Structures are given as C-alpha cells and as structure tokens.
Amino acid sequence: SYDDESKVCAFVASEVAALATKNDLATTGKNLAAAFEFDEGTKQVLQHFKIFARMTPDAKETVIECLHSVGLLCLMCGDGANDV
C-alpha cells in the first residue's frame, strides 16, 4: 500500500530524469513490466529509480543487469524464497 505522502503517476521514459531531480522514484514489478512493453527507453532510465518493489526474480535480474551496465552498484533484498 502507498502512504499518504506518495504520488502515483504514469511515466514516459523521456520524463524520468526530470522527475528524479525533485522526487525519489519508486516502481513495482507490475508497473515496470508494463513500461518495458510500452516504452523501449525504460531500461535506459532505471538508474533514476531508488526503489523497486514486488519484483519477480526475472524482473530483479533485468533491473540489476541494467544498473550494472551503466556502472552502478546495487543491492537486492527479499525473503529469499524466490530471489535470484
């Protein structure tokens, strides 16, 4: 669930960098999967997101590969039951 302070909005990859200058961005696995299908530029802007929640193991692997490809270190955590 989202707290009262969060803002939920649709995004286009070309707008993410500008949004990230004033906001800490977060997304869910479901939203990210839809973004991958809609906008091929999504993978190029993942480094602007701070939190990735409710991700499938495949989605986690995709995000980590994208972040590593631009030279970023990242941490993955979860309950261990379905993590890569």
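Buried means under 20% relative accessible area, exposed means over 50%, and partly exposed lies in between, with a 1.4 Å probe and protein chains only as cover. The model is predicted: local features need pLDDT of at least 70, side-chain atom pairs count only at pLDDT 80 or more, and totals for chains, interfaces and linings use all residues. Residues are numbered from 1 along each chain as its sequence is written, and side-chain values use heavy atoms, with hydrogens and water left out.

View 1. The protein has three helices and two strands; helices (H or I, at least four residues) and strands (E, at least two) are DSSP runs, numbered from the N terminus. Of the 84 residues, 24% are buried. The protein exposes about 6,300 Å², of which carbon and sulfur atoms supply 53%; the areas come from the Shrake-Rupley method with a 1.4 Å probe. Contact means heavy atoms within 4.5 Å. Among contacts with a separation of 6 or more, 48% join residues 24 or more positions apart.

**View 2. Valine 16 lies in helix H1, residues 13-20.** Its relative accessibility is 1%, so valine 16 counts as buried. Glutamine 47 is 31 residues away from valine 16 along the chain, and their C-alpha atoms are separated by 9.8 Å.

**View 3. Threonine 27 sits in strand E1, residues 25-28.** With a relative accessible area of 8%, threonine 27 is buried. Leaving out residues up to four places away in sequence, threonine 27 touches Leu32, Phe49, Ile51, Phe52 and Ala53.

**View 4. Helix H2 has the buried residues Gly29, Leu32 and Ala35.** These cover an arc of only 120 degrees around the axis, which puts them on the same side of H2; the arc is that of the directions from the helix axis to the C-beta atoms. Lys30, Glu37 and Phe38, on the other side of H2, are exposed. The cover over the buried residues of H2 includes E1, E2 and H3. Apart from neighbours within four places in sequence, leucine 32 is in contact with Thr27, Thr42, Leu46, Phe52, Met55 and Val63.

**View 5. Helix H3 has the buried residues Ala59, Lys60, Val63, Cys66 and Leu67.** Seen down the axis of H3, these fall within an arc of 130 degrees, so they line one face of the helix. An α-helix has 3.6 residues a turn, so residues three or four places apart point the same way. Asp58 and Ser69 are exposed on the face of H3 turned away from its buried side. Helix H2 (29-38) and strand E2 (49-53) are included in what covers the buried residues of H3. Just after H3, glycine 71 takes a positive phi of about 80 degrees.

**View 6. The largest nonpolar core consists of seven residues: Leu32, Leu46, Met55, Ala59, Val63, Cys66 and Leu67.** H3 gives the most to this core, with four residues. A nonpolar core is a set of buried Ala, Val, Leu, Ile, Met, Phe, Trp, Tyr and Cys residues joined through side-chain atoms within 4.5 Å.

**View 7. Cysteine 66 is buried, with a relative accessible area of 13%.** Cysteine 74 is partly exposed, with a relative accessible area of 33%. The structure holds zero disulfides, a disulfide being a pair of cysteine sulfur atoms within 2.5 Å.
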